[in-house]
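Here is a quick tour for anyone meeting this structure for the first time. Have a look at the model first, then read on.

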Amino acid sequence: MQLQCRCHGRPHSQQSRVEVRASLEGQVVTRVVPRSFNGQHHLTRGGPQDNVMTMFSKLGPPRLYLSRLLTYIILLFCSNELVLARQPPDSSAGIYRSRELSEARPVFGLGEQRVYSSRFSSQWTLPLLLLECLAIGLIFYGRQQGRQVSKRVGWAALVTGLFTMVCLYLLAAFSLVGRTLGTDSAPSTVETHAAQVTLSADVDIGQNVIPNIIDPQAVNAQSVCPGYIASDVQTSKTSLTANLNLAGRPCNVYGNDVESLSLLVEYQADDRLHVQIQPRYIGPANETWFILPEAMIPKPGVDANASESSSEIELSWSNEPSFSFTVKRKATNDTLFTTAGSVLVYEDQFIEFVSPLPENYNLYGLGEVIHGFRLGNNLTRTLFNADVGDVIDANIYGSHAIYHDTRYFTEDGSYVADATDTSVSYISYTHGVFLRNAHAQEILLQPSGITWRTLGGSIDLYFYAGPKAEDVTRSYQVSMVGLPAMQQYWTLGFHQCRWGYTNWSVVEGVVDSFAKAGIPLETMWVDIDYMDAYKDYTVDPVRFGYEEGARFLARLHANNQHFVPIVDSAIYFPNPENASDAYPTFDRGVSANAFMLNPDGSLYVGSVWPGYTVFPDWVGAVLNGTGTFDWWKGEMSMWHEQLQFDGIWIDMSEVSSFCVGSCGSKNVTLNPVHPPFELPGEPGNLIVNYPEGFDKTNATEAASASSAAYTQNHPPTAAAASSSTSTESYYRTTPTPGVRNINWPPYSINNFAGDLAVHAVSPNATHHGGYLEYDFHNLFGHQILNATHNALLSVFPGKRPFIIGRSTFAGSGKWAGHWGGDNYSEWLYMFLAIPQALSNAIFGIPMFGPDTCGFSGNTDMELCSRWMQLSAFFPFYRNHNVLGAISQEPYRWAAVAEATRTAMSIRFQLLPYMYTLLARAHQRGDTVMRALTWEFPNEPWLADADRQFMLGEAVMITPVLEQGASTVSGVFPGAREKTVWYDWYSQTRVATTQPGQNVSIDAPLGHIPVYLRGGNVLAVQEPAMTTTESRQKPWGVLAAMDGQQQHAAGELYLDDGESINPATSSWISLAADNSSVRASVRGTYQDQSPLANITVMGLATAPRSMKLNGEMLDASYWTYTAEKSLLVVSGLETKFREGAFQKSWSLLWSH
């Protein structure tokens, strides 16, 4: 091993450091070691040998020892501790906490590679300094005594000095040896950087507010506010307008009452009704208080043929006792929504409207939330985007103010609250309600109905008639939020990521391990480990250097694999007093007016991973014409020239900040500051959590983990809890006439973090043009996806951008996909991924998937085996976990590897079908993952079914979601209509069941039950290691006959898999009956893969003869198995040398 040392001086708070460059087996790594390393000072002057000789020379004058002591003291104070690569969300606690500027705090990581920090060195350096002082004292004492005494004392001083020196060298050696390169087998490794000032937790603590819904002092606005009276009512063919005036004295309960409102009702389409209520008098000064700009969130107009008479829904209104409106479905006279019996409250910081709902109602949506699919009638939904992890029932990353309301009726039109009688025939109707409002919201679902509250904006409601859920979803996307982005074909492959891949060699090792295990891998992802001090658009020059990365990515791309890095949402503010801290991305952003401001016009400076940061101003770019979008596009384009990525992962976009307010405005000279959250793997935050039931299969490990968890949660130095009680004090505000209280609104929503400024950019942050963050907070994540989408259009001209984002809003699906956020390695969270995916389908985001096997905590073999199989049927399929946890790539366990290969084999065969579903979603608003109740709308016992799901209309998945289970209960819907189901594996018909009957299904570990629905035809392709290779494999056709008419149908979409506007494409209609299978081709896409086989399930009788395109086929081409009613035609490759779907074809047979 060769050592080279370089010293780096940092002015003021930027502590000096030394980089020891170690050449290990041809690899060069940088080890930042503490300045308490005694030899470092000398290494920079003349090399280690010269300095050792100096230390062993004669005692010399006392000033030599004094200077050496001074050197040691300087080294001690310069030996700030090492810092870890990233501070994670403490999902269990829900929010992050940061510390005030204070002392530098050492940290060190645990795992298979031990990393020593300078805390270790500093703790020993102090006693050694005391020894050095003793040696100097002896020198002075000896010089004042006689020669013999001086000689004896001198030798004592020499021995003491030598001991001090050797110990310091050993400490440095321990620190250096303790640092090893991360390896593929390690749970995770921790990279270290120069010492940093650490923030205090207090900077991320706001006022102690209490949510209104639990505040005993809260005032019920319905009891004190007067409502409004309508006047000057005007009607037309498609609209109704009126003035609304306050019906009494202002209540000013949570804001200043708006005394004059305007009402607009529009019959925009036969299935869509618009109700808008907003202040009558709005000017430039208060416009964004109430109006959501269409430049940010477009809104639909009135269709050319729309009219009140042709509408499926109607609105009536009343002034008794105050203004209210009622929306009904004409066909059934069912009241969908009514404010009758309540008052409308409209203030500058508080809007409330209420509608009763039927008994035991079925509502879905209102996200983003970790909850069951059916929301129930005892839930408060808060819409305020927050970086809190996947906390159940809390407000998390996205805001989607839309719900579906499904109601069941008997055939005579009577509503049924508890429709569980399977002998009765039911008819369902589903309608949708969307509130176009970007302000913080709170929606109370109670047994009596729904109460909607917002902290600003307007009442901008859209009612969608349905009558089926798929109709609502389709109309909502087409009219309001836009159709989902079409994905590139390769994005349907498997994606691997983790927080903790420490360098290119580790990443490359993971790729090689997948290949060795025979597990398909499409895309490698990297978390923020790759960045240079966590700054966007950089790489760590040693661990992730561009040159080494270029070689790795060239190899990856040559194998038709892909690469996606993370990009965070905040930009580092370089230390203005440190020239070496320059950051051109920041400088160019400042020149483009690209960042948010304080009210005084200075830059708003919060704190995220790299230290003090600024935040891109998307609002100012859209509404005030600043250069944020062009700057973002330029940075991404320049970065791509150095790092050939294929897509982008956007994180922290709620937007998250680790301190309240502009905490860095006067402190940027301390940058880079260190957020103080305990990193996973650090003492106090060891990853000791395992899935439920782990103790049943791994008793010894579980006991050890439990003990460690107890010790961690009950440290011996912890003070005993006080038995005294005290009354907690809460911060409350009251309305100020004519003024909004931006930072602490009088109405406190049930925000998980409490104060709106906690772990977020503060509400009074200002956008260019004077717009306030209070009015636009929920749109940051939406607009960064917009900016990234446009940037990738520049990076990859003509190609579909691939983006996965964390924070979303209504319409984000037209730009990006979404992953489920920081979930947990628990069985519960594996289940919750299903309702989360189904809800995102409602929101128009079909490209969704969770962190498979769980992000936070340790997974285990059984959970990961089941989860890898479940996620194989989600559109977005990625494994990702936290730093400090055990590695969970699927090849880590033989059983998981085998289960993964099994599920991936099915997924790859279904890729053409999944791609076709995405094309349907993009072109007409269909869903991809579907709830059973959407496909079987007249079966009310499926209203809360979220442990099974459909992939399109043809495939049903019934996963095992419980630890230790070898069977799973599942329902086979459609029994009343005699729907037939076929087992994917055996290709045989499932036994007939009764409506709503749960059936026990064998599902040993490694097996996931998959079923084909009769009446469908699928085109499939053979599996391969990448999607590119799979697309070149031969085709197959699977036809699953229905149970009555011996009929089946399907379709297939083909294009080049990447172009926004493909030069050619084809839609192939597939059909089968009891005597034929046919393909009808529309389009000119040239796919040259041949057709290899055709399988017909449920064919009642055997063929006697067969023709392909009029040509007789020899009987050797087909087999018929009577006991399975299964026909297999194979060996057709020579008949389709030009390709399976170049032209239409037919396979006919006689019985």
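Val955 sits opposite Leu1012 of strand β38. That pair belongs to two strands, β34 (residues 955–957) and β38 (residues 1010–1013), which are joined in the antiparallel sense by 3 bridges. Before going further, keep in mind that this is a predicted model.

Strands of a sheet, in general, pair through backbone hydrogen bonds, in either a parallel or an antiparallel way.

## The whole chain

How many helices and strands does the protein chain have? There are 21 helices and 49 strands. Of the 1151 residues in the chain, 62% are buried.

Now for the contacts. Take those in the chain between residues at least 6 apart in sequence: 73% of them join residues at least 24 apart.

## A strand tucked away

Strand β15 (residues 400–410) has 11 of its 11 residues buried, so the rest of the structure largely encloses it. His400, Ile402, His404, Thr406, Tyr408 and Thr410 point one way from the strand, while Ala401, Tyr403, Asp405, Arg407 and Phe409 point the other way, and all are buried.

Which strands pair with β15? One is β13 (residues 362–367), which runs antiparallel to β15 and is joined to it by 5 bridges. Here Gly367 faces His400 of β15. Another is β16 (residues 426–435), also antiparallel to β15, with 9 bridges joining the two. In that pairing, Tyr408 stands opposite Ser428 of β16.

Glu314 has Lys328 in β9 as its bridge partner. Together β8 and β9 make a hairpin, with 5 residues between them.

On to strand β10 (residues 334–338), which runs antiparallel to β9 and is joined to it by 4 bridges. Val327 is found opposite Phe337 of β10. These two strands, β9 and β10, also form a hairpin, this time with 4 residues between them, and Asn333 in the turn has a positive phi of about 60°.

## Helices under cover

Helix α8 (residues 469–481) has a set of buried residues: Ala469, Val472, Thr473, Ser475, Tyr476, Gln477, Ser479, Met480 and Val481. So what covers them? The cover includes β7 (272–279), β15, β16, β19 (459–464), α17 (827–842) and α20 (932–935).

Among the buried ones are Leu863, Cys864, Arg866, Trp867, Met868 and Leu870.

## Two helix pairs to compare

Let's start with helix α9 (residues 504–517) and helix α10 (residues 546–558), which pack at an angle of about 15° with their axes 10 Å apart. That angle makes α9 roughly parallel to α10. The crossing of α9 past α10 is left-handed. From α9, the contact is made by Trp504, Ser505, Val507, Glu508, Val511 and Asp512, and from α10 by Glu548, Gly549, Phe552, Arg555 and Leu556. Sorted by class, this contact has 5 nonpolar, 2 polar and 4 charged residues.

The other pair is helix α13 (residues 628–642) and helix α16 (residues 780–795), packed at an angle of about 50° with their axes 9 Å apart. That makes α13 oblique to α16. Left-handed or right-handed: how do α13 and α16 cross? Their crossing is right-handed. Phe629, Trp632, Lys633, Met636, Ser637 and His640 of α13 meet a set of α16 residues including Ile784, Ala787, Ala791, Leu792 and Val795. By class, the contact between α13 and α16 has 8 nonpolar, 7 polar and 1 charged residues.

Key: Residues numbered from 1 in each chain as written. Predicted model: local features only at pLDDT ≥ 70, side-chain atom pairs only at ≥ 80, totals over all residues. Heavy atoms only, no water. Axes fitted to C-alpha atoms, helices over the stretch in contact; angles between N-to-C directions. Parallel < 35°, antiparallel > 145°, perpendicular 65-115°, else oblique. Left-handed = near helix turned anticlockwise from the far one by under 90°. Contact = heavy atoms within 4.5 Å. Nonpolar A, V, L, I, M, F, W, Y, C, P; charged D, E, K, R; others polar. Pairing = 2+ DSSP bridges. Buried < 20%, exposed > 50% of the residue type's maximum accessible area, 1.4 Å probe, protein only.
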